[in-house]
Amino acid sequence: MTKTVFILNGPNLNLLGQRQPEIYGRETLADIETACAEVAADLGLATRFFQSNLEGEIVEQVHAARAEAAGIVINPAAYTHTSVAILDALKAFDGPVIEVHLSNVHKREAFRHHSYVSLRADGVIAGCGSQGYLLALQRLSALLS
Ligand code: DQA
């Protein structure tokens, strides 16, 4: 049976391509979704791609993943640095979790250096731009095989 991976995106990532392109690049979130679907198909994985500006909606997607997903790729965006709620939801998910950041958060402001989600993530990819999502899918595929 084809395994499904949830790809979850946090606040302001809907503005990718327009928002601080010098940091986040010129690709849109739709471009990233298309690239993820292609790579996932090559890996034999199905994907559900989701973005929300609301913390609770991301928590609810993680809850849905408990029944529907084999693994999670998550870019929690600013909630990375603040959300115990997303961390706790991920702790209730049994499969592998890869945390992705487009930018190298460690090269940026000190408040971006701490991630609540990293306390649960099996892997963290930062600073590889949109390619980070594709690397995360490859890693999940290896962990799920
Ligand atoms: C981000 C990094 C976060 O610090 C920031 O709040 C974001 C995007 C990234 O992908 O580089 O919104 O997660």
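Student: Which residues are linked in a network of salt bridges?
Tutor: Arg108, Glu109 and Arg112 are. A salt bridge needs a side-chain nitrogen of Lys or Arg within 4 Å of a carboxyl oxygen of Asp or Glu. Keep in mind that this is a predicted model, where local features need pLDDT of at least 70, side-chain atom pairs count only at pLDDT 80 or more, and totals for chains, interfaces and linings use all residues. Residues are numbered from 1 along each chain as its sequence is written, and side-chain values use heavy atoms, with hydrogens and water left out.

Student: What makes Glu109 and Arg108 a salt bridge?
Tutor: Their N to O distance is 3.8 Å. That value is within the cut-off, so the pair counts.

Student: Why is Arg108 called buried?
Tutor: Its relative accessible area is 18%. Buried means under 20%, exposed over 50%, and partly exposed in between (1.4 Å probe, protein chains only). Therefore Arg108 is buried, while Glu109, at 36%, is partly exposed.

Student: How many salt bridges does the count come to?
Tutor: Four. One of them joins Arg48 and Glu68, with the closest N and O atoms 2.3 Å apart. This pair links distant parts of the chain, 20 residues apart: Arg48 sits in strand β2 (residues 45-51) and Glu68 in helix α3 (residues 55-68). Helices (H or I, at least four residues) and strands (E, at least two) are DSSP runs, numbered from the N terminus.

Student: Is Glu68 buried or exposed, or does it fall in between?
Tutor: In between. Glu68 has 40% relative accessibility, so it counts as partly exposed. Arg48, at 31%, is partly exposed too.

Student: What about Asp122 and Arg120?
Tutor: Their side chains meet in a salt bridge, 3.1 Å from N to O. Arg120 is buried, because its relative accessible area is 14%.

Student: Which residues are around the ligand?
Tutor: Among them are Arg19, Tyr24, Asn75, His81 and Arg112. A residue is near a molecule or strand if one of its heavy atoms lies within 4 Å of it.

Student: How far is an oxygen atom of the ligand from an N or O atom in the side chain of Asn75?
Tutor: The distance is 2.8 Å. A polar contact is a pair of N or O atoms within 3.5 Å; within protein, one must be able to donate a hydrogen and the other to accept it, and residues adjacent in sequence count only if both atoms are side-chain atoms. For Arg19 the value is 3.0 Å, and for Arg112 it is 2.9 Å.

Student: Where does Gln20 lie?
Tutor: In the loop between β1 (3-9) and α1 (21-24). Gln20 has a relative accessible area of 35%, so it is partly exposed.
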